[in-house]
Amino acid sequence: MMTKEENELLCLVEGEAPMGQLMRRHWTPVCLIEEVAEPDGAPVKARAFGEDLVVFRDSDGRVGVMDEYCPHRRASLVLGRNEEGGLRCLYHGWKMDVEGNVLEMASEPAASGMTDKVKHHAYPAEEWGGMVWAYMGPRDTMPEFQPPAWAPTADTRVTIAKAIIPCNWAQILEGAIDSAHSSSLHSSDMVPARVEGAEATANTWLRPSTDKAPRMQVQRTGYGFRYAALRRPLKDAATHDYVRSTVFVAPATALIPPNNLYNVANINVPMDDTTTAFYFIAWGHASQTPETETWRKFLGQRIGVDLDEKYVPLRNRDNLFWQDRQAMRAGNFTGITGFPNQDIAMWVTMGPIADRSHDRLGASDLAIVEFRRQMLDAVRAVQGGKPAIGTGDSAIPAGVCAYQAIVPKSTDWRSYEARYVWDNQAPALEPSYNV
């Protein structure tokens with residue numbers, strides 16, 4: 001059980017909140033590359049840690065991430081003209097480049113020299129893995145950008161579904177690292193079967209176990225932790241365990257056990273204290289990893305069908321997340337289509353910020369307890385002047401990944417030789433393939 005003060009320390013990210021200051025010391029996704037794909041295209045509004053941002057691609061293809069509001073009179077640059085190497089405010093014609101340099105001040109005399117005296121607040125930006133990243137922390141602690149564990153190479157296919165969720169980042173992250181819930185909440189989509197390991201079919205993910213009460217074990221690391229959910233397999237239960245090993249990469253990423261075709265990950269960006277940009281990711285070799293619209297259709301995360309044009313889910317608390325009670329009577333466990341939508345229903349109904357002082361945790365919550373303890377330790381360390389968790393020498397090593405396997409009981413899951421799913425010999429997936 002956490003105190004209300006600890007819960008606030010864990011959850012709050014805006015302004016000078018300690019957790020937000022820790023998170024700013026990591027490179028943070030601010031939008032999808034597809035949102036700003038066109039040079040001189042429409043600017044995009046983004047938000048992180050309670051700060052309003054504008055993201056744009058200039059005439060030369062460079063991406064800029066800046067304070068949304070013009071340094072002159074604070075009008076929104078999301079409405080600005082993106083042209084000839086910069087973003088021009090509509091109000092008085094001030095124009096800024098991707099680095100925040102003021103190129104022109106149409107409303108000021110040319111001889112004033114004022115353009116040399118003003119610089120707009122811009123952040124260092126990088127593009128990788130389908131996302132635009134920004135570093136929003138102190139410049140003297142800025143780490144070199146490193147590819148995330150879910151996009152290790154430039155030729156990795158990364159397929160992303162994005163949704164804006166009206167609740168705090170931490171309850172979403174806790175859902176991503178909670179292996180026990182999948183055996184209940186997702187039981188109609190992750191179906192027990194006599195297979196050799198997790199497999200993807202056209203409509204479901206198969207699992208070789210009916211065990212709904214896994215044994216949990218945790219291994220703390222400098223970048224977060226690894227943990228295993230150990231279940232009885234359907235075959236050879238007396239001699240083997242079914243291991244699903246998840247990796248928490250601080251501050252807000254989960255590497256989720258894969259299926260037989262591709263790897264899975266999740267990253268959660270706090271837009272503010274009560275809103276989160278949730279990214280659900282399939283990644284791997286192009287022959288095995290679904291394309292974007294296929295992935296979003298399978299998850300129930302399509303723009304214009306499941307989400308509005310701003311990535312806000314159309315399923316919500318008021319319409320009970322489109323829950324189908326007839327489907328439940330016919331055997332579907334939740335009546336909610338798309339397993340991320342099942343998760344979202346749970347996260348949102350906890351409230352904007354879950355009150356953890358009322359939790360009653362059990363043995364299956366070991367990873368949740370570790371996450372809370374580790375992140376509270378990490379934020380206090382930054383307050384004490386130490387480096388942020390997962391930075392510098394504590395950054396996640398290359399090759400660390402989640403895995404799932406049926407192994408002899410004598411095998412230590414911590415030392416199991418895990419490799420991410422990557423098959424460059426497999427035939428390309430058919431366009432109709434929907435998992």
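Student: Let's start with Ala17. Where is Ala17 found?

Tutor: Ala17 is found in the loop between helix 1 and helix 2 (18–23). Keep in mind that this is a predicted model.

Student: How do I read a pair of packed helices? At what angle do helix 1 and helix 8 pack?

Tutor: Look at the angle and at the distance between the axes. Helix 1 (residues 4–11) packs with helix 8 (residues 366–383) at about 75°, and their axes are 10 Å apart. An angle from 65 to 115 degrees counts as roughly perpendicular, so helix 1 and helix 8 are roughly perpendicular to each other.

Student: Which residues make the contact?

Tutor: Helix 1 brings Glu6, Leu9 and Leu10, while helix 8 brings Phe371, Arg372, Met375, Leu376, Val379, Arg380 and Gln383. By class, the residues of this contact are six nonpolar, one polar and three charged.

Student: On to charges. How many salt bridges does the structure hold?

Tutor: Here's the general idea. Side chains of opposite charge can pair when their charged atoms come close. In this case the structure holds 31 salt bridges. One of them joins the side chains of Glu34 and Arg296, at 3.1 Å from N to O. That pair links distant parts of the chain, 262 residues apart: Glu34 is in the loop between strand 1 (27–32) and strand 2 (44–48), and Arg296 is in helix 5 (residues 292–299).

Student: What else does the side chain of Arg296 meet in a salt bridge?

Tutor: The side chain of Glu293, at 3.7 Å from N to O. Arg296 and Glu293 are three residues apart in helix 5, so about one helical turn separates them. Glu293, at 49% relative accessibility, counts as partly exposed.

Student: What about Arg74 and Asp67?

Tutor: Their side chains form a salt bridge too, 3.0 Å from N to O. Arg74 counts as partly exposed at 45% relative accessibility, and Asp67 is buried at 14%.

Student: How do I read burial for a whole helix? How many residues of helix 3 are buried?

Tutor: Go residue by residue, then look at the tally. Eight of the eight residues of helix 3 (residues 169–176) are buried, so helix 3 is largely enclosed by the rest of the structure. The buried residues include Trp169, Gln171 and Glu174. Check the start of helix 3 as well: there a side-chain oxygen of Asn168 comes to within 3.0 Å of the backbone nitrogen of Ala170.

Student: How many residues of helix 7 are buried?

Tutor: Nine of the 11 residues of helix 7 (residues 339–349) are buried, so helix 7 is largely enclosed by the rest of the structure. Among them are Phe339, Asp343 and Trp347. After helix 7 comes Gly351, with a positive phi near 105°.

Student: Which residues does Phe321 touch?

Tutor: Leaving out residues up to four places away in sequence, Phe321 touches Arg315, Asn316, Ile336, Ile344, Ala345, Val348 and Thr349. Phe321 is found in the loop between helix 5 and helix 6 (325–329), and counts as buried at 6% relative accessibility.

Student: Last one: what joins the side chains of Ser182 and Arg207?

Tutor: A polar contact of 2.8 Å. Ser182 sits in helix 4 (residues 182–185) and is buried, with a relative accessible area of 5%. Not counting residues up to four places away in sequence, Ser182 touches Ser187, Met190, Arg207 and Arg231.

Conventions:
Residues numbered from 1 in each chain as written. Predicted model: local features only at pLDDT ≥ 70, side-chain atom pairs only at ≥ 80, totals over all residues. Heavy atoms only, no water. Helix = DSSP H or I, 4+ residues; strand = E, 2+ residues; numbered from the N terminus. Buried < 20%, exposed > 50% of the residue type's maximum accessible area, 1.4 Å probe, protein only. Polar contact = N/O pair within 3.5 Å; in protein donor to acceptor, adjacent residues only side chain to side chain. Contact = heavy atoms within 4.5 Å. Axes fitted to C-alpha atoms, helices over the stretch in contact; angles between N-to-C directions. Parallel < 35°, antiparallel > 145°, perpendicular 65-115°, else oblique. Nonpolar A, V, L, I, M, F, W, Y, C, P; charged D, E, K, R; others polar. Salt bridge = Lys/Arg side-chain N within 4 Å of Asp/Glu carboxyl O.
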